[in-house]
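Here are a few notes to keep beside you while you look this one over.

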Amino acid sequence: MKEIIVSGMRPTGRLHIGHYHGVLKNWVRLQDQGECYFFVADWHALTTHYESVEGISTAVWDMLVEWLAVGIDPDKAVLFIQSHVPQHAELALLLGMLTPLSWLERVPTFKDQQEKLRERDLATFGFLGYPLLMTADILLYEAQQVPVGADQVAHLEISRELARRFNSFYGRDAETRQQIEKGLQAMGKRAVKTFTQLQQRFQQNGDLLAVSEAAEFLRQQSGLSPLMQAQLLAHLEGKGREILREPQALLTAASKLPGLDGQKMSKSYGNTIPLQEDPELIRKKIRTMPTDPARVMRTDPGTPEKCPVWGFHQVYSNEETRNWVRQGCTSAGIGCLDCKQPVIEAVLAELAPIRERAEYWAARPAQLREIAHAGAQRARNRAEPTMEKVRSAMGLAHEQGFD
Ligand code: TRP
Ligand code: SF4
């Protein structure tokens, strides 16, 4: 059985080589290993860009074109557009019923992004609920692995907690629930309060110590059978029958590739090379990259570690070339333009076939739509059985009769 892998990307404009070396090459590798669902997260784009929706459709199709261009293969992975699969919205709505506000409010990116994107009003329900939508994206497919960058790990933690919370509410039969109720009654009010605090420490803060403390605490309660103690401990840990599967973060290694100016490569810094960049512009951008400021004159030696071009050599050059750079830079044996030449060649060689394939797909919108629609159909087929379980767990399987 292949592992289920789910990941999404917000359609926020053209992709660049930073995306390629950070995320996309990883996806291309994963599509051979797991059952992959990769989607364009257009609803997510609206959580921050609800006021300016003009570019979204273009960005969605551009993104699919570029995914195909880098080698993501619709015969291997399920490629789709999030809003083509309404189950994402339905699950997000239902999960919202049991999501404590505090879980969303304490996500670090919530306050950070509000600060960073000051020009937009992000005091909205949609923006606060972003991790909830992301949780739905993941749990819908019963994903085991979710490749994400470090900035998304906190969101994934919420997904895990929500799956657990859901299972602890609905993953139990009536009989077990009754027994837990009885056990709590037998403990008395004060003890229940302590127990609840330990439960919160574990379920909300992931504090493992709280579990061992609770085990000891339950042992000390007179009148609780060992079976009852075990049941209460499972209750504390949120263990019920697993209805929604708890996913794992598959941390994508940070890309070694810096931006042209040495900062992180990002569209907002204007230091990127887009995947479909014009070759002449690529040459120019690399030729004008800043280098180690110590190399004022051609005869001044430099230190590769202080130079963003060195970061490019890490990604694009073999050891031989890197030795040539180190040797030539530290001895002033080569000039910076000499040093940049192999990088220019390598970037051009990498992007030429990608640009060609992107042009191919961009010229075939009907075929592109077909791929997206077939992907959405497959995604819905995978998502619907999960929704059936969820609806029935949450008391919504009305066709099946009266409660
Ligand atoms: N939040 C992710 C980002 O901004 C994109 C995303 C949306 C995602 N849903 C997801 C990633 C589900 C992984 C799984 O990068
Ligand atoms: Fe940077 Fe290369 Fe110039 Fe050294 S020689 S400063 S590594 S561009």
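1. Three elements each give at least two residues to the shell around ligand 1: β1 (4-9), α8 (130-139) and β4 (145-148). The largest share, four residues, is from α8. Helices (H or I, at least four residues) and strands (E, at least two) are DSSP runs, numbered from the N terminus.

2. A word on the basis: this is a predicted model, where local features need pLDDT of at least 70 and side-chain atom pairs pLDDT 80 or more, while totals for chains, interfaces and linings use all residues. Residues are numbered from 1 along each chain, chains are lettered from A and ligands numbered from 1 as written, and side-chain values use heavy atoms, without hydrogens and water.

3. Who sits around ligand 1? You'll find S7, G8, R10, F39, H44, Y130, M134, D137, I138, V146, V148 and Q152 there, each with a heavy atom within 4 Å.

4. Now the polar contacts (N or O pairs within 3.5 Å). Polar side-chain atoms lie 2.4 Å from a ligand 1 nitrogen for Y130, 2.7 Å for D137 and 3.4 Å for H44. The protein buries 89% of the 370 Å² that ligand 1 exposes when taken alone (Shrake-Rupley method, 1.4 Å probe).

5. Over to α10 (residues 174-187) and α13 (residues 226-236): their axes, lines fitted to C-alpha atoms over the stretch in contact, come within 10 Å and cross at roughly 105°, on a scale of 0 to 180 degrees between N-to-C directions. So α10 is roughly perpendicular to α13 (65 to 115 degrees).

Definitions and conventions
Parallel < 35°, antiparallel > 145°, perpendicular 65-115°, else oblique. Polar contact = N/O pair within 3.5 Å; in protein donor to acceptor, adjacent residues only side chain to side chain.
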